[in-house]
Amino acid sequence: MSGKLLAADTLISCPHGGRATPAHTPSPSVLIGGRAAATAAHTYTVAGCTHTVDGVPQPCVSVRFTASASGVTVAGAPVLLDTSVAQCFSAALVAQGPPVVNAAQQEVSIR
């Protein structure tokens, strides 16, 4: 699998405009442009999603990434790429579409 590496603070949004952010501070052992690399171990929470179903709010609350088969890991967890498979979910764990990933980086620094 090929693609650009994601930093933990890469702008990710749900398909309805909510913003996804890491639920915890990632390890800075591998840096991408001075920012911690994102891995499949990171969980993302979504805020500001306006999705409704038949007039009932059903906002996205999380994003889950599927580990890539790139073979590259950070602290044992696969790195995330802008091509990694992911899905946004409601609080009831209903899949609501793939997230939108913006501005991935390629530069990598290893500490």
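In this predicted model, S90 touches Q58, P59, C60, V61 and Q96, not counting residues up to four places away in sequence; contact means heavy atoms within 4.5 Å. Residues are numbered from 1 along each chain as its sequence is written, and side-chain values use heavy atoms, with hydrogens and water left out. Local features need pLDDT of at least 70 and side-chain atom pairs count only at pLDDT 80 or more, whereas totals for chains, interfaces and linings use all residues.

S90 counts as buried because its relative accessibility is 2%. The term buried denotes under 20% relative accessible area, exposed over 50%, and partly exposed the range in between, with a 1.4 Å probe and protein chains only. The C-alpha atoms of S90 and C49 are separated by 9.8 Å. These two residues lie 41 residues apart along the chain.

S90 belongs to strand β11. Strands are DSSP runs of E with at least two residues, numbered from the N terminus. Strand β11 spans residues 86–90. Four of its five residues are buried, so the strand is mostly covered.

Strand β11 pairs with β8 (residues 60–65) in the antiparallel sense, over five bridges. Two strands pair if DSSP finds at least two bridges between them. Within this pairing, A86 of β11 is the bridge partner of F65. Strand β8 is also joined to β5 by two bridges, and β5 and β8 run antiparallel. There, S62 in β8 is the bridge partner of T45.

Strands of a sheet pair through backbone hydrogen bonds, either parallel or antiparallel.

The largest nonpolar core has 14 residues. Such a core is a set of buried Ala, Val, Leu, Ile, Met, Phe, Trp, Tyr and Cys residues joined through side-chain atoms within 4.5 Å. Y44, V46, V63 and F65 have the most contacts inside this core. Two or more residues come from each of β5 (44–47), β8 and β11. Strand β8 gives the most, with three residues. A second, separate core has eight residues, including L5, A7, V30 and V74.

One ring contact involves a charge. R64 lies over the face of F89, at 5.3 Å from the ring centre. The criterion requires NZ of Lys or CZ of Arg within 6 Å of the ring centre and within 35 degrees of the ring normal.
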